[in-house]
Every structure is written in C-alpha cells, then in structure tokens.
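Work through the exercises below with the model open. Each task is followed by its solution in steps.

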Amino acid sequence: TKIHILNGPNLNLLGERQPEIYGHDTLADIEARAQAQCDALGMELTFAQTNSEGGLVDLIQAARAQKAAIIINAGAYTHTSVAVLDALSACDGLFIVELHLSSPHRREAFRHKSYVALAADAVIAGFGADGYRLAVEAVAARVAR
Ligand code: DQA
C-alpha cells in the first residue's frame, strides 16, 4: 500500500514556527517517525513539502498517478485554494485524510473554512505532531479492510 504525506506552506519551519501552536518537533522528526511507522506496517511512504500552491497540486497529482492514499496538511492553502480542492477531487477512489497540527476551529474565523474538507474522507486536527501517526494508523486500518 502506498501512502503520500503532503505538507503545504510554512510547514518546513515546524519546530521554529509558533511552537506554542505547532509544537517543537521539526518536519524531519515527523518524517522519520512516519517512515519507521510505515516500514513496520509494510506501507510505502512518500513524504513531501512545498511552499507553493502549484507545487501542492503537482504533489497531489503524483499521488493520484500512483493510486496512493493521501494525508494532506495543506497549511494556509486549506482555507483558500480551489486549485488544491480540484486536484484532490480528481483523486477518485483514493482515501484522503485532511490533517492539521492545531485545531483550526478554535482559532481565527478565516481558518474555519476548509476547501480540503470538501474532498477529504476524514479529518484529524488538534493532536499536534502526533496527528501524523494517528493519520497513518487510520489509513492503514482503512486500506487493509
Ligand atoms: C495548519 C493550520 C492552518 O490554519 C495554518 O495555516 C497552517 C498549519 C495546522 O497544521 O495546524 O499553516 O494546517
């Protein structure tokens, strides 16, 4: 089973960026743990980050081409990007999890709207970096059924 974990803008700054909101783990820490988890589960992981909207569309299309399950933390593009939504909507039959470290609903009103949610099968938010582990576990359980 293939699984793509896709990260959008500013997530390359995890660990330094507003740690009171996003925690102290870096994206490299998260990637290393996800890789170990996927190895143990016998799942093939692709882990990527981009700061650009078109880059995120390209990463979604690559997951689509590989028929991979998608875990996506689209960062701020979650709340703005019809292009990201359209790319996800083109991934017919792929299991898609929307992921956030923080819980957007307890934050500013502009974070309450999610375009990604319109294409996602499930949402995990508010668990910090641990959300990545929970999302992989959920995908593994779902895809194995
Ligand atoms: C985020 C929440 C978004 O609102 C924000 O723009 C981010 C990170 C999260 O993981 O909590 O960049 O997706």
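**Exercise 1.** Find the buried residues of helix H4 (residues 82-89) in this predicted model, and say how they are placed around the axis.

*Solution.* 
- Step 1. Apply the burial cut-off: 20 or more other C-beta atoms within 10 Å of the residue's own.
- Step 2. The buried residues of H4 are Val84, Leu85, Ala87 and Leu88.
- Step 3. Look down the axis of H4: these buried residues fall within an arc of 160 degrees, so they line one face of the helix.
- Step 4. Recall the general rule: an α-helix has 3.6 residues a turn, so residues three or four places apart point the same way.
- Step 5. Now find the partners. The buried residues of H4 pack against helix H3 (53-65) and strand S4 (96-100).

**Exercise 2.** Determine the strand order of the open sheet and locate its edges.

*Solution.* 
- Step 1. The open sheet has five strands in the order S2-S1-S3-S4-S5, and the pairing is parallel.
- Step 2. Strand S2 (44-49) and strand S5 (122-125) each pair on one side only, which makes them the edge strands.
- Step 3. Ignoring direction, neighbouring strands of this sheet are turned by 15 degrees against each other on average.
- Step 4. Take one pair. Strand S1 (residues 2-7) pairs with S2 in the parallel sense over six bridges. Leucine 6 stands opposite alanine 48 in S2.
- Step 5. H2 (residues 27-41) lies across S1 and S2 and runs at about 170 degrees to S2.

**Exercise 3.** Classify the residues around the ligand.

*Solution.* 
- Step 1. List the shell: Asn10, Asn73, Gly75, Ala76, Thr78, His100, Leu101, Ser102, Pro104 and Arg111.
- Step 2. Sort by type: three are nonpolar, six polar and one charged.

Terms used. Residues numbered from 1 in each chain as written. Predicted model: local features only at pLDDT ≥ 70, side-chain atom pairs only at ≥ 80, totals over all residues. Pairing = 2+ DSSP bridges. Helix = DSSP H or I, 4+ residues; strand = E, 2+ residues; numbered from the N terminus. Axes fitted to C-alpha atoms, helices over the stretch in contact; angles between N-to-C directions. Contact = placed C-beta atoms within 7 Å. Near = placed C-beta within 6 Å. Nonpolar A, V, L, I, M, F, W, Y, C, P; charged D, E, K, R; others polar. Buried ≥ 20, exposed ≤ 12 C-beta atoms within 10 Å, placed from the backbone. Arc of directions from axis to C-beta.
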